[in-house]
Amino acid sequence: MPSSVVPRTTAVSAVVAVALAAGLLAGSSAASAASAAASAGEVRIHDIQGSTRISPLVGQQVTEVSGIVTGVRTYGSKGFWFQDPQADADPATSEGVFVYTGSNPTVAVGDQVLVSGTVGEYIPGGTSSGNQSLTQIAKPTVTVVSSQNPLPAPVTVSARSVPSAYAPAGDSAAAGSINALPLKPRAYALDYYESLEGSNVRIGTSRVVGATDPHAELWVTVKPHENPVRRGGTLYNSYTAQNTGRLQIQSLTPLAEKPFPTANVGDVLSGTNEGPLDFNQFGGYTLTARTLGTVQNRGLKREATRKQRDGELAVATYNVENLDPSDPQAKFDALAGAVVTNLASPDILALEEIQDDNGAKNDGTVSAEETLKKFTAAITAAGGPAYQWRTINPENNKDGGEPGGNIRQVFLFNPERVSFTDRPGGDAKTATAVVQERGHAALTLSPGRIDPSNAAWSDSRKPLAGEFTFRGRTVFVIANHFGSKGGDESLTSHHQPPNRSSETKRLLQAQAVNAFVKDILKADRRADVLTLGDINDFEFSATTKALTDGGALYPAVKSLPCSERYSYVFQGNSQVLDQILTSPSIHDFAYDSVHINAEFADQNSDHDPQVLRFRP
């Protein structure tokens with residue numbers, strides 16, 4: 001891990017923090033009571049935290065609040081946590097709080113301090129993110145009373161202490177927000193974590209469920225039996241299976257002093273892991289470790305699928321994460337090696353996120369010839385077939401993704417095993433259609449784009465349809481890269497359930513693809529159709545339901561045991577984003593989600609490829 005990388009935090013402006021919180025406490029009787037208490041006498045940290053998510057003293061000045069420093073952060077959002085060693089009897093009120101200093105704090109762990117300043121509620125990512133807020137004291141004046149004091153005993157976060165229910169239902173009168181609801185830490189996991197915000201906590205030896213990332217953080221679970229995945233992860237298999245035991249881990253020790261440990265899914269973070277419980281934009285509740293344990297390597301291996309047998313057609317999909325010629329040759333070689341070794345050189349390979357010939361340079365270039373030449377050459381050098389390709393160049397900056405990169409889907413195919421039926425005329429704006437020829441379905445354009453003028457594809461990748469022939473049988477393949485989940489609220493949102501605004505576009509996209517597949521099946525009900533790619537949505541989502549409407553398609557990932565249904569790991573949840581869906585004629589197949597990236601700290605892409613084999 002480079003020493004220049006720091007864990008992700010959000011620098012906090014005291015003025016912004018108070019301003020953002022100003023509207024969150026309207027009508028709160030708790031605020032009035034706490035304000036009166038503040039006027040009447042000494043303010044303690046639990047008075048600041050209160051028994052809801054919003055401080056009853058937000059926007060107010062507090063004077064000489066006493067506590068012991070439990071953690072100091074000298075990167076990102078600089079400041080320190082301090083905690084009252086004399087807890088009250090209310091389990092809903094945290095005894096710790098963050099003090100935002102804006103510069104390196106002049107206190108040390110173990111200092112007894114008196115803090116005066118302004119109470120605020122900072123919302124990481126801003127109000128539009130839907131994130132919960134972090135209670136803090138800003139514009140502080142700090143007096144050190146004594147040093148080297150014993151720290152308040154940590155609260156142990158464990159499988160027994162974290163409730164199984166995730167969150168209360170949001171208040172319908174407050175647009176689904178849980179901000180004003182009294183915390184019930186014995187009933188709900190999010191309430192439990194919130195009741196410990198800013199407090200000194202610890203976890204014991206825990207399994208890693210999200211690998212170390214470039215920002216020096218990883219995810220563990222304190223609930224080893226919660227939706228376990230065979231290879232060590234935690235499965236996200238419904239909107240109500242959020243996995244309450246997940247917790248993000250960061251270190252308060254600067255990386256230049258001690259590198260953050262490298263861990264893969266299934267490894268174990270052993271020993272003592274102790275520090276303040278923070279809340280941030282990139283994962284919600286986070287143990288910012290003052291003391292960090294060690295990683296026990298459990299030897300997770302990258303999977304390799306079997307070779308297709310005689311008569312089997314192997315079709316795969318792989319998101320290669322913004323591949324362009326400026327990427328190091330090592331990336332091309334690693335991706336190519338995966339195609340040959342881990343995917344067993346599939347006959348047809350649908351690629352997502354192939355960028356144009358100069359990557360993110362925004363100069364109007366849209367061709368990806370050089371990208372594809374370099375990639376296919378690397379595959380051949382790795383011992384794979386001499387793949388040919390078909391694609392359609394997008395209009396400049398019309399398909400989303402990195403500005404100037406012009407990502408698109410591409411078909412690679414092995415001409416020694418399968419042929420491509422070229423039907424010329426396809427371009428970025430012209431839609432392909434389905435016709436019937438001698439009782440069978442055919443495309444008017446191959447390769448061709450599906451309904452590119454449909455508003456569903458605005459600023460998004462248009463589906464690429466192609467017509468292949470394998471042993472005399474026509475196979476239609478539709479390569480997709482649906483709209484991302486950008487804009488969706490996190491699982492730790494103050495709206496419960498969280499708003500998933502990005503679903504609207506993917507639902508329309510799925511409906512368009514489903515209609516096209518139905519056109520093929522109307523022309524030939526026995527047609528072999530594969531719809532595949534980065535669907536950017538779960539197998540239980542409305543998007544997948546729309547793709548399968550009317551029995552036109554079946555999500556092949558559902559043929560796997562539940563514990564193997566994932567292609568991506570996000571914030572410690574193993575989940576499906578990449579899919580292959582089959583038409584009714586393809587009822588006897590072998591499916592494999594080939595786990596070579598998502599569970600590993602060292603990734604060539606953040607997605608796992610998918611492979612399906614069948615006999616047309």
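Tutor: Gly-533 stands opposite Gln-579 in β29. The model is predicted, so local features are taken only where pLDDT is at least 70 and side-chain atom pairs only at pLDDT 80 or more, while totals for chains, interfaces and linings use all residues. Residues are numbered from 1 along each chain as its sequence is written, and side-chain values use heavy atoms, leaving out hydrogens and water.

Strands are DSSP runs of E of at least two residues, helices are runs of H or I of at least four, and both are numbered from the N terminus. Two strands pair if DSSP finds at least two bridges between them. Strand β25 (residues 528-534) is joined to β29 by five bridges, and the two run antiparallel. Strand β26 (residues 554-555) also runs antiparallel to β29, with two bridges between them. There, Pro-555 is the residue opposite Leu-581.

A residue is buried under 20% relative accessible area, exposed over 50% and partly exposed in between, using a 1.4 Å probe and protein chains only. Five of the five residues of β29 (residues 578-582) are buried, so the strand is largely enclosed by the rest of the structure. In a regular strand the side chains alternate between the two faces of the sheet. Here, Asp-578, Ile-580 and Thr-582 point one way, whereas Gln-579 and Leu-581 point the other way, and all of them are buried.

Strand β28 (residues 573-575) contains Ser-574. Because its relative accessibility is 0%, Ser-574 counts as buried. Contact means heavy atoms within 4.5 Å. Beyond neighbours within four places in sequence, the contacts of Ser-574 include Val-229, Tyr-236, Tyr-566 and Val-569.

The wider setting includes nonpolar cores, which are sets of buried Ala, Val, Leu, Ile, Met, Phe, Trp, Tyr and Cys residues joined through side-chain atoms within 4.5 Å. The largest has 33 residues, and Val-157, Tyr-193, Ile-203, Val-220, Leu-247 and Ile-249 touch the most other members. Among the elements that give two or more residues to this core are α4 (189-194), β12 (273-280) and β13 (284-289). The largest share, four residues, comes from α4. Apart from this core lies another, of 27 residues, among them Phe-413, Phe-468, Val-576 and Phe-589.

Aromatic rings may be examined next. Rings of Phe, Tyr and Trp (its six-membered ring) pair if their centres lie within 6.5 Å; planes under 30 degrees apart count as stacked, over 60 as edge-to-face and the rest as tilted. By this rule there are 18 aromatic pairs. The centres of Phe-279 and Tyr-285 are 4.9 Å apart and their planes are at 70 degrees, so this pair is edge-to-face.

A charge sits over a ring if NZ of Lys or CZ of Arg is within 6 Å of the ring centre and within 35 degrees of the ring normal. The charged end of Lys-485 sits over the ring of Phe-538, 4.1 Å from its centre. Likewise, the charged end of Arg-500 sits over the ring of Tyr-239, 3.7 Å from its centre.

Finally, there is the matter of confidence. The predictor's confidence in each residue is pLDDT, which runs from 0 to 100. Its mean over the protein chain is 94, and 94% of the residues reach 70 or more. Over residues 12-30, however, pLDDT stays under 50.
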